Amino acid sequence: PSTMSSDLVWQCVRKNSAFIKTRKCGSNFEQFTSEPNNLTNLNRFKDSGLANVRAVGVTADAEKGCHLTLKSGKRQRQVKRSTYTNKLAGSFTKVASAINKQTTESYYRRDLSNAALTRWYKIWKSQPKYHAGKAE
């Protein structure tokens, strides 16, 4: 069973997708996307969670911490089983080092490491439970 190449999937998805959101910024139209495993929400091949065989996603947890989702290249045809998620909780530096370890140090999409850390920082800032103990 062969699978489509990442470039072919991107050619099919880049202009026609249910996840694409077009926003007018001044006189320019910019395309954003809400697809899963897209850290920057930009409609680019580099960041696409659908087109790339390997993708990284960081989502907020309901209480505290985040979920780090990595897409596996082994089960491309089984969409539901192609990703695995790790729940990361604890201090900011522990979660940041865990994200760094699973992306950069394990040679899994080093180019998305900074975007994943940026997404984690924004999630961490939005969660008030981390800052409750420090204010008292």
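What follows is a short talk about the labels and the values behind them.

Tutor: First, the ground rules. This is a predicted model, where local features need pLDDT of at least 70, side-chain atom pairs count only at pLDDT 80 or more, and totals for chains, interfaces and linings use all residues. Residues are numbered from 1 along each chain as its sequence is written, and side-chain values use heavy atoms, with hydrogens and water left out.

Student: How do you know whether Asp 47 is buried or exposed?

Tutor: Buried means under 20% relative accessible area, exposed over 50%, and partly exposed in between (1.4 Å probe, protein chains only). Asp 47 has 3%, so Asp 47 counts as buried.

Student: What makes Asp 61 and Lys 87 a salt bridge?

Tutor: Their closest N and O atoms are 3.3 Å apart, and the limit is 4 Å, so the label holds. This pair links distant parts of the chain: Asp 61 is in the loop between β3 (56–60) and β4 (66–71), and Lys 87 is in strand β5 (residues 83–88), 26 residues apart. Strands here are DSSP runs (E, at least two residues), helices are H or I runs of at least four, and both are numbered from the N terminus. Asp 61 has a relative accessible area of 16%, so Asp 61 is buried.

Student: And what about Asp 111 and Arg 109?

Tutor: Their side chains meet in a salt bridge at 3.1 Å, N to O. Asp 111, at 40%, is partly exposed, whereas Arg 109, at 14%, counts as buried.

Student: How do you know that β1 and β2 pair?

Tutor: Two strands pair if DSSP finds at least two bridges between them. Strand β1 (residues 20–25) and strand β2 (residues 28–33) have six, in the antiparallel sense. Within that pairing, Arg 23 has Glu 30 in β2 as its bridge partner. The two strands form a hairpin with two residues between them, and Gly 26 in the turn has a positive phi of about 70°.

Student: What is the overall pattern along the sequence?

Tutor: The protein has four helices and five strands, in the order α-β-β-β-β-β-α-α-α.
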